[in-house]
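Welcome, and thanks for taking a look at this one. Please keep the viewer open while you read the briefing below.

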Amino acid sequence: MNSVTLWPKHLYLIASGNTPPHHKPSRESMGSKAYNLLRMTDIGLPVPPALVIGTHYAKSPEECMLPVFTIGLPALQEATSRTLGDARKPLIVSVRSGAPVSMPGMMETLLNIGLCDQTLPGLLRQTGNPRLVWDAYRRLIASYGEVVAGLSGALFEDEIARVTQERDERQLDFSELRDLARRFLSIYQLHAGQPFPQDVNEQLSGAIRAVFLSWQAEKAQAYRKINQIDSAMGTAVTIQSMVFGNSGGHSGAGVGFTRNPTTGERQPWVDFLANAQGEDVVSGRRNAHGHEALASVAPDAWRLLQDAAQTLEQAFLDMQDFEFTVQDGVLYMLQTRSGKRTPLATARIALDLMDEGLIDAATALERTKNLHEEELGTVQLASQGNPDSQVRPLGQAMSACSGVVSGEITLDGTRAATRAAEGASLVLVRQDAETSDIAALEFAAGLLTQRGARTSHAAVVARQLGKVCLVGCETLRIDLAARTVRLGDLLLKEGDTITLDGNEGRIYAGVVAGIFVPDVALIERLKALRASQAPTRHHKHGAS
């Protein structure tokens with residue numbers, strides 16, 4: 001790399017074999033997400049090259065622009081052999097947030113930055129895939145409109161619904177996606193009062209500003225308040241070379257955990273959506289599938305992902321929550337962090353990691369010190385296992401967090417706050433598992449959504465907060481105007497009571513009794529650990 005001696009103090013390049021002399025990279029200086037990307041690159045995992053703008057610039061984002069565009073971006077272009085805005089070999093990037101402390105989904109991400117009318121032919125030449133190109137372009141216009149220009153996402157979602165007519169949008173062909181992108185350009189200009197930016201440098205600078213600004217978003221502030229996170233730490237911004245999960249039948253995007261975050265069982269827990277981009281999974285606006293879908297469309301990538309999961313645990317010494325993309329059968333790792341988990345999973349994972357020799361007994365004790373025996377088990381339906389039970393479910397969904405909870409239906413945060421103050425138990429019922437519901441979710445005992453994946457950011461937060469969470473209930477319909485919910489053939493009003501069974505993924509009318517079933521074997525293992533690590537008492541004789 002040229003002029004490494006001039007490398008700026010608060011920029012970091014992540015590129016295998018092409019790294020300048022960074023100034024003290026740390027979680028605090030480059031954010032946890034980027035710091036983990038750097039470590040993943042060091043241990044040989046396939047990570048696309050990235051440029052990181054340090055947390056130093058969070059208080060004054062404009063100060064980063066000169067070093068980014070004069071030194072950082074040229075270095076990233078050299079590492080990728082592509083150039084932002086080039087008509088033949090364009091560099092297309094994602095722009096992501098990343099604080100020193102994990103805040104899943106609380107800040108913004110933009111994908112496909114660098115696509116414009118001029119670079120479309122170049123990406124088409126690189127990929128040979130017109131569907132991918134137009135799909136990526138229409139996604140960029142919509143997300144840029146929502147995140148940077150402040151337009152309502154519904155403007156673009158409504159247009160998608162009009163075009164798809166109940167079809168899965170992944171079934172749209174390239175000509176339909178081209179028409180959709182052109183409609184999005186018109187919608188953007190109409191509602192933003194100016195055309196979508198065709199200058200790729202303007203796109204990138206706008207995305208950087210928007211991601212820094214999202215540190216102060218309402219949902220981010222609510223999350224920091226709930227979790228007592230210092231707002232002074234700020235966020236970093238990562239500009240990363242794009243890989244495309246929406247490039248066809250042997251591609252897709254996913255999120256996974258190296259172990260089950262609900263039970264702690266030692267098995268990968270993966271959500272995958274074929275021919276899609278990562279935001280489709282984590283946004284909570286799309287339903288995803290399990291690892292079987294990945295194994296069927298890209299078996300080699302699935303095998304490599306299982307190997308990567310083991311490598312991550314050996315490097316980070318804990319259960320990991322990771323994001324990945326498969327492009328034309330090739331696996332790329334985009335993120336890892338310690339996974340949010342239930343108390344039951346906390347105990348099992350710590351004890352298992354100790355038994356496997358990855359952590360010592362003192363570390364296992366530290367990770368489990370705040371757990372109580374009454375947390376180590378699951379709430380199950382009292383009728384479970386009783387074939388004579390007359391209770392019949394209203395619907396089925398994917399379970400993102402186990403347990404059983406009953407509460408009255410509430411459809412928004414305002415009502416949730418009011419009814420919670422009056423002592424009501426609540427189930428928040430929403431169309432999408434979105435993190436904008438973080439404040440309402442704090443008041444609720446459970447979350448039920450029509451769309452979303454088990455690993456969507458909202459589901460991850462629900463699990464961290466200990467809320468029973470069911471996502472992707474395809475028979476659920478919500479009428480916000482009428483304040484009603486339909487589950488199959490049954491119409492329910494806001495305020496009616498339902499029960500969520502997070503163990504079996506079922507929804508019931510009214511209150512259905514639950515019973516706590518302790519995990520006796522796990523409790524005994526934890527007791528044995530605590531006994532083995534108890535300080536030895538020394539009895540002194542003589543003067544006191």
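## Starting from one leucine

Leu-84 sits in the loop between α3 and β3 (93-98). The model is predicted, and this residue makes a handy way into it. Leu-84 is buried, with a relative accessible area of 10%.

**Around Leu-84**

- Leaving aside residues up to four places away in sequence, Leu-84 touches Leu-73, Gln-77, Leu-91, Ile-113, Gly-114, Val-200, Asn-201 and Leu-204.
- Val-52 is 32 residues from Leu-84 along the chain, and the C-alpha atoms of the two are separated by 16 Å.

**Nonpolar cores**

- In soluble globular proteins, nonpolar side chains tend to be buried together.
- The largest nonpolar core here has 55 residues, and the members that touch the most others are Ile-53, Val-95, Ile-113, Leu-204, Ile-208 and Ile-239.
- Helix α5 gives the most to this core, contributing nine residues.
- A second, separate core has 31 residues, including Met-30, Ala-34, Leu-45 and Val-47.
- Two of the residues named for the largest core, Ile-113 and Leu-204, are also among the contacts of Leu-84.
- Ile-53 touches His-10, Leu-11, Cys-64, Val-68, Ile-208, Phe-212, Ala-236, Val-237 and Ile-239, again without residues up to four places away in sequence.

**Helix α2**

- Helix α2 (residues 32-42) is largely enclosed by the rest of the structure, because eight of its eleven residues are buried.
- Those buried residues are Ser-32, Lys-33, Ala-34, Asn-36, Leu-37, Leu-38, Met-40 and Thr-41.
- One of them, Ala-34, is also listed in the second core.
- After α2 comes Gly-44, which has a positive phi near 90°.

**Packing of α5 and α6**

- Two packed helices are described by the angle between their axes and the distance between the axes.
- For helix α5 (residues 130-147) and helix α6 (residues 153-164), the axes come within 8 Å and cross at roughly 150°.
- That crossing makes α5 roughly antiparallel to α6, since angles over 145 degrees count as such.
- On the α5 side, the contact is made by Arg-138, Ile-141, Ala-142, Gly-145 and Glu-146, while α6 brings Gly-153, Phe-156 and Ile-160.
- Sorted by class, the contact has four nonpolar, two polar and two charged residues.

**Salt bridges**

- How many salt bridges does a search of the whole structure find? The search finds 28.
- Arg-209 pairs with Glu-62, with the closest N and O atoms 2.4 Å apart.
- This pair links distant parts of the chain, 147 residues apart: Arg-209 is in helix α8 (residues 200-213), and Glu-62 is in the loop between β2 (50-53) and α3 (65-80).
- Both partners are partly exposed, Arg-209 at 35% relative accessibility and Glu-62 at 48%.
- Arg-259 and Glu-356 also form a salt bridge through their side chains, at 2.6 Å from N to O.
- Arg-259 lies in the loop between β6 (252-257) and β7 (269-274), and Glu-356 in the loop between α13 (343-355) and α14 (361-368), so the bridge ties together parts that are 97 residues apart in sequence.
- Glu-366 bridges to Lys-369, where the closest N and O atoms are 2.9 Å apart.
- Glu-366 is partly exposed at 46% relative accessibility, and Lys-369 is partly exposed at 48%.
- Salt bridges that share partners also join Glu-408, Asp-412, Arg-415, Arg-419, Glu-422, Arg-483 and Glu-494 into one network.

- Asn-112 is not a glycine, yet its phi is positive, at about 70°.
- Asn-112 is part of strand β4 (residues 109-113) and is buried, with 0% relative accessibility.
- Asn-275 has a positive phi as well, near 50°, again in a residue other than glycine.
- Asn-275 is in the loop between β7 and α10 (278-282), and with a relative accessible area of 13% it is buried.

How values were computed: Residues are numbered from 1 along each chain as its sequence is written. This is a predicted model: local features need pLDDT of at least 70, side-chain atom pairs count only at pLDDT 80 or more; totals for chains, interfaces and linings use all residues. Side-chain values use heavy atoms; hydrogens and water are left out. A salt bridge is a side-chain nitrogen of Lys or Arg within 4 Å of a carboxyl oxygen of Asp or Glu. Helices (H or I, at least four residues) and strands (E, at least two) are DSSP runs, numbered from the N terminus. Buried means under 20% relative accessible area, exposed over 50%, partly exposed in between (1.4 Å probe, protein chains only). Contact means heavy atoms within 4.5 Å. Axes are lines fitted to C-alpha atoms, for helices over the stretch in contact, and angles run from 0 to 180 degrees between N-to-C directions. Angles under 35 degrees count as roughly parallel, over 145 as roughly antiparallel, 65 to 115 as roughly perpendicular and the rest as oblique. Ala, Val, Leu, Ile, Met, Phe, Trp, Tyr, Cys and Pro count as nonpolar, Asp, Glu, Lys and Arg as charged, and the others, Gly among them, as polar. A nonpolar core is a set of buried Ala, Val, Leu, Ile, Met, Phe, Trp, Tyr and Cys residues joined through side-chain atoms within 4.5 Å.
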